[in-house]
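My notes are below, in the order I looked things up.

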Amino acid sequence: MELDIENPQEEQTSIRRSLPRWVIILAFVFLLAFLALIGIGLRRVQAGPIVIGQKVPEFSMVTFEGQPKNLSDFKGKVVVLNFWASWCAPCSQEAAELEQAWRYYQPGDQVVFLGVDYTDTEPEALTYLAKYDITYPNAPDLRTRISQMFRITGVPETYVIDQEGKLTYVKKGPFTSLGEIQAVLDNLLK
Amino acid sequence: MLLKAEVFRSRNVKILLLAGLLALTFVLFSAGRVLAQDPQPPTDDQVNAVAKELYCPVCENIPLDVCPTQACAQWRELIRLKLSQGWSADEIRTYFAQQYGDRVLAMPPLQGFNWVFYALLGVFLVLAVVVYLRVVRTLRHKTASTQNVTTPAIDPAKDEYLKRVEEELQRREKGS
């Protein structure tokens, strides 16, 4: 007994031995389960965004007017997906250009513009849309599902999806001119 | 004639009572309507009480009540609006979770995959208590065992070594 007190290693060994086996097994099982959960979480976090050339997964949204829109509805057309928010100052810099571009391409019926309102409040979002006279469909990003799918890093961000549903262009930050938007879209419509 | 007058008076009293009741009902309804149309606006404290349990995804790890960005200010105004419309704190939290996802909540809801984390927390707690109790019991047992080990009493008269030391001391004293 005196030996146990003088030698802590011996004491720890005896404590460990005194634990029932089921407690040790259970502890290890839960530890492994916990580590697995952390692993899954990390994998999900570190999963990269949709890369250029990759097919964009299906997503749907309901516009502020209550109209449902699905990506698959626009197969065969170029889709310009713009993430914005009313509290975002740079978004307002490109709002007019995006609307101009939409009005330019709308008669051709080959390009669709979709606005995704990121973590915004509806009254302010509607005020923003009215202020910049935006007429293309806009929808709130419910539960931030679409923005998480694209792993946006901020707003504004614009994703251009080609006629085959593949991501072809990503713009982080605002477009500075109508010409910049046309350069991207005309290239796809050739 | 007297009977007729009595009946007439009684009927008048009934009509008066009915009119009074109607007037009272009208007043009560009107008062209710005025209260509903003109409620007290929610105070900043009431708004912040709800906001501190919410997190804006734009400014991670900063509770909504102290978040300085415009996005958070708009969210707080939305909370104020919902409170003024008579929404409860729970209803507002649910609304925000539906709009922006569960990650805006300070406490993940007890549903779906979140149950695993709550269950794991409980299991780890129980395991920790079991291990702690085991260790404490083992240590107590060891301490008690150590205290029970008594050193044998030494009788100087019987100890040969002590006896010799005593003799040597006495001899030296005599010699000096």
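**Ground rules.** I am working with a predicted model, where local features need pLDDT of at least 70, side-chain atom pairs count only at pLDDT 80 or more, and totals for chains, interfaces and linings use all residues. Residues are numbered from 1 along each chain as its sequence is written, while chains are lettered from A and ligands numbered from 1 in the order in which they are written.

**Interface.** I took two residues as touching when their C-beta atoms, placed from the backbone, lie within 7 Å. On that basis 25 residues of chain B and 21 residues of chain A make up the contact. On the chain B side, α3 (70-84), α4 (89-100) and α5 (114-148) each give two or more residues. Helices here are DSSP runs (H or I, at least four residues) and strands are runs of E, at least two, numbered from the N terminus. I found that α5(B) gives the most, with 13 residues.

**Helix pair.** Next I looked up α3(A), residues 21-46, against α5(B): their axes come within 11 Å and cross at roughly 150°. Axes are lines fitted to C-alpha atoms over the stretch in contact, with angles from 0 to 180 degrees between N-to-C directions. Which residues of α3(A) and α5(B) meet? From α3(A) I noted A:Val23, A:Leu26, A:Ala27, A:Phe30, A:Phe34 and A:Leu37, and from α5(B) B:Val116, B:Leu120, B:Val123, B:Phe124, B:Leu127 and B:Val130.

**Helix α3(B).** Buried residues (20 or more other C-beta atoms within 10 Å; exposed is 12 or fewer, partly exposed in between) include B:Trp75, B:Arg76 and B:Ile79. The buried residues of α3(B) pack against α5 (122-131) of chain A and against α2 and α4 of chain B. Just after α3(B), I saw B:Gly86 with a positive phi of about 90°.

**Core.** I count a nonpolar core as buried Ala, Val, Leu, Ile, Met, Phe, Trp, Tyr and Cys residues joined through C-beta atoms within 7 Å. The largest has 53 residues, and B:Ile79 is among those with the most contacts inside it. Leaving out residues up to four places away in sequence, B:Ile79 touches B:Val47, B:Val50, B:Ala51 and B:Ile92.

**A:Gln93.** This residue sits in helix α4 of chain A. I noted A:Gln93 as partly exposed because 14 other C-beta atoms lie within 10 Å.
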